[in-house]
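This briefing sets out the fold, the contacts and selected local features of a two-chain assembly. Please read it alongside the sequence and the structure shown here.

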Amino acid sequence: MRVGLFVTCLVDLVRPRIGFAALKLLEGAGCEVVVPLTQTCCGQPGYNSGDRHAAQALARKVLTEFKDCDYVVVPSGSCSGMVKAHYPELLNEFPELRADVEWLIARTWELTDFLVSVLKLENVPGGFTGTVTYHDSCSGLREMGVKDQPRALLSKLSGLTVREMAMPEQCCGFGGTFAVKYGDISARIADQKCADIQSTGADAVVLGDLGCMLNIEGRLRRRGDRTTKVLHVAEVLAGMTDEAG
Amino acid sequence: MQIRSAEFKTRATEKLGSATLFRALSNLRGRLVAGRATVMRELDNFEDIREAAKRVRDDALENLDFLLEEFERNATANGAKVHWAENSQEMNQLVLDIARKANVRKVIKSKSMLGEESGLNHFLEQGGIEVRETDLGEYIIQESGDVPSHLIAPATHRTKEEVADLFHEKHKRPRKTDITELTWEAREILRPYFLTADMGISGANFLVAETGTSMIVTNEGNGRMTTTLPRVHVAIAGIEKVLPTLEDVSFILRLLTRSATGQSISNYLTFTTGPKRPDDAEGPEEFHIIIVDSGRTKVLGSELREALRCIRCGACMNHCPVYQNIGGHPYGWVYPGPIGSVLTPAYVGLENAIDLPNAATMCNQCGVVCPVKIPLPDLMRKLRERQVEQNLRPWAERVGLRLWAWAAARPGVYSRGAKLAARLGRWMGGREGLIHSLPGAGAAWTRERDMPAPSGKTFLEMYAARGTRRT
């Protein structure tokens, strides 16, 4: 099975290791993974900023780039949600693309959902010793239905215990450009998320979206917390955290 | 009401600094959010019910013209007088005219958001009529010269200590902080108004077309007294409030009270059908219903139409991470929170409420709790698109977006930029890998957060290099 890996622009720029972790998980499960080298962004920043034309141009680019894949897998609830939940509306002015859009959204998966629902992954290569808490990112949870999948995968790692926050589904306050347009509100919301994370006493917060990750890690460190790790679920599952080497 | 939505940013920042507000709001967050979640478990098919509720509201909006005429026919047959107002000013004038004609000097009012839209109290007072709010929250707001900050809990931004101080000052009685005692005090103060008022004004949760009934949902009993005790009653309602049948109303109520206050049913449901009949023990001698457009028809014909399904439960704001931290006042008009971020621009003009559709994380918590499935983030995004089209966004943002969009569509340019940014970011992050201060727009990020630094190379360049090594 030919799986297109859409690493997303944030992973590409900030934490490429997450992309390689996704690659390792998919290849380890026997997928033939293709990575279109021309990929950039799903268009979400433009879409959510009201620049429909910019978003449309990028959505059309994504449509072309992953044309010859059986599946498109994204290590992000937000970017996969952009494709699945929003491309149909975004591209509704182009009836000639409708078939392509339907084709793409039927094949687009968030990484953990794909590992659980399609690959039915049993053996998780990673390892992690300690307690983690899982942050449900908004788009992953409410657009892609990602909730049990990452927890099911994490529970396969011996040595890892999941301890839930009081409000794991509460937004971290990132919201894309919201984080800079309304920096003080965003940071306040992030602060509450950090307090919730810290009150679990977990060694790490694990999540599936880079936006939340930057926001939560950024606020944790500014609060003076140097020890709580902030890890993408792919890194943990692939055993590609700092500890794992 | 005065429109202050343009001040959103400064007022939001100010509210973030208020420890008192934060205390008041955390109270609400616990009570209303947890209460709703608990009571919703009584419904084993919430998603089906909410889909059906959406359809009921959509059908009513689709047939608004017929339903309103049916309502007028039936209400008139019951002996009520139906008036039509195109805007707030017309509505205010109609109320004043009714009051003057009936020699009204004192008015008691139960909650009405439409009355807040039009500044009705102020208008009547200018006309020499005394107006007394009787909903406890609205009474607190009126006595402190404040404006509501929530659809159903107008004084939710106040702590009980603040209310204790207010009552002590206004009522000249010993200060008390026990909520039950405070409520009893308000009750004693308000009772004489109920008994001596000439006219009662209420809003309407729904108008029932088949019976010509106007109905309100309340908890305190003030609404019941407002609609029955004074000799004249005026109900004011937006055109979108009409539902075909009593059956529809009772169906929607299953979701309304649960979504609003976490109650299976409210303490009072008051249905008013016509004035007092000869054998009735009580009720108003004159019963007027004013049906108001005030921008609704325009919304009905627009891409924001779905917002008119709103049944004013307030669940969207209770669950909004932004509202939970800044309260309702920064939104600057009658309707705060996510629904306000759609209705305010729609009613007062997008150019007067630039921030509102943008001041949301798009987390869609509002969308999933809305009992009538209003896609609030989608509607906010529509408004963002209109802002871009109408050049209402700041210059720097427009240039930044254009530049990003131009590059992202050109992989060659983009990868060079990304490589450069990855290296620059890594350098800025130093040994600990954290950027403490970003320039330009990024400064808003790093004021209260660090930015985890990029690791130095992009995924795509490393992946391409790996491929080269292999072959």
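Domain bounds, as used below, come from an automatic or database domain assignment. On that basis chain B is divided into domain 1, which takes in 18-25 + 43-293, and domain 2, at 397-470. The model is predicted. Chain A likewise has an assigned domain 1 (2-118) and domain 2 (130-238).

**Chain A: overall form**

- Chain A contains 13 helices and 8 strands.
- Its radius of gyration is 17 Å, close to the 18 Å given by the globule rule for 245 residues, so chain A is as compact as a globular protein of that length.
- The C-alpha trace of chain A spans about 55 × 45 × 25 Å along its principal axes.
- Buried residues make up 62% of the 245 residues of chain A.
- Among contacts in chain A with a separation of 6 or more, 79% join residues 24 or more positions apart.

**Chain A: the two domains**

- The centres of domain 1 of chain A and domain 2 of chain A, taken over C-alpha atoms, are separated by 22 Å.
- In the contact between these domains, 29 residues of domain 1 of chain A meet 23 residues of domain 2 of chain A.
- On the side of domain 1 of chain A that touches domain 2 of chain A, two or more residues each come from helix 1, helix 2, helix 3, helix 5 (77-90) and helix 7 (111-118) of chain A.
- That side of domain 1 of chain A holds 13 nonpolar, 10 polar and 6 charged residues.

**Chain B: overall form**

- Chain B has 22 helices and 12 strands.
- Along its principal axes, the C-alpha trace of chain B spans about 95 × 55 × 45 Å.
- Of its 471 residues, 46% count as buried.
- Residues 24 or more positions apart supply 74% of the contacts in chain B that have a separation of 6 or more.
- The C-alpha centres of domain 1 of chain B and domain 2 of chain B lie 54 Å apart.

**Chain B: a helix pair**

- Helix 2 (residues 19-40) of chain B and helix 12 (residues 246-261) of chain B have axes that come within 6 Å and cross at roughly 145 degrees.
- From helix 2 of chain B, L32(B), G35(B), R36(B), V39(B) and M40(B) meet R258(B), S259(B) and T261(B) of helix 12 of chain B.
- The residues of this helix contact divide into 3 nonpolar, 3 polar and 2 charged.

**The contact between chains A and B**

- Chain A contributes 51 residues to the contact, and chain B contributes 51 residues.
- On the side of chain A that touches chain B, the elements giving two or more residues include helix 1 (9-13), helix 2 (16-28), helix 4 (52-65), helix 11 (183-200) and helix 12 (210-222) of chain A.
- By class, this side of chain A has 24 nonpolar, 13 polar and 14 charged residues.
- T458(B) touches residues of both chains: D12(A), L13(A) and P16(A), and also S415(B), A418(B), K419(B) and A422(B), leaving out residues up to four places away in sequence.
- T458(B) lies in the loop between strand 12 (451-452) and helix 22 (459-470) of chain B.
- With 27 C-beta neighbours inside 10 Å, T458(B) counts as buried, because the threshold is 20 or more.
- A distance of 70 Å separates the C-alpha atoms of T458(B) and N74(B), which are 384 residues apart along the chain.

**The nonpolar core**

- The largest nonpolar core has 206 residues, and those with the most contacts inside it are V73(A), V206(A), A307(B) and V342(B).
- Helix 2 of chain A gives the largest share of this core, with 7 residues.
- Apart from neighbours within four places in sequence, A307(B) is in contact with V299(B), I339(B), V342(B), L343(B), A346(B), I374(B) and L379(B).
- In soluble globular proteins, nonpolar side chains tend to be buried together.

- T8(A), a residue other than glycine, has a positive phi near 85 degrees.
- T8(A) is found in the loop between strand 1 (2-5) and helix 1 of chain A, and counts as buried with 28 C-beta neighbours inside 10 Å.
- K172(B), also a residue other than glycine, has a positive phi near 55 degrees.
- K172(B) is placed in the loop between helix 9 (160-171) and helix 10 (179-196) of chain B.
- K172(B) has 7 C-beta neighbours inside 10 Å and so counts as exposed.

Key: Residues numbered from 1 in each chain as written. Chains lettered and ligands numbered in written order. Predicted model: local features only at pLDDT ≥ 70, side-chain atom pairs only at ≥ 80, totals over all residues. Contact = placed C-beta atoms within 7 Å. Helix = DSSP H or I, 4+ residues; strand = E, 2+ residues; numbered from the N terminus. Nonpolar A, V, L, I, M, F, W, Y, C, P; charged D, E, K, R; others polar. Core = buried A, V, L, I, M, F, W, Y, C linked by C-beta atoms within 7 Å. Buried ≥ 20, exposed ≤ 12 C-beta atoms within 10 Å, placed from the backbone. Axes fitted to C-alpha atoms, helices over the stretch in contact; angles between N-to-C directions. Rg over C-alpha atoms; globule rule 2.2 N^0.38 Å.
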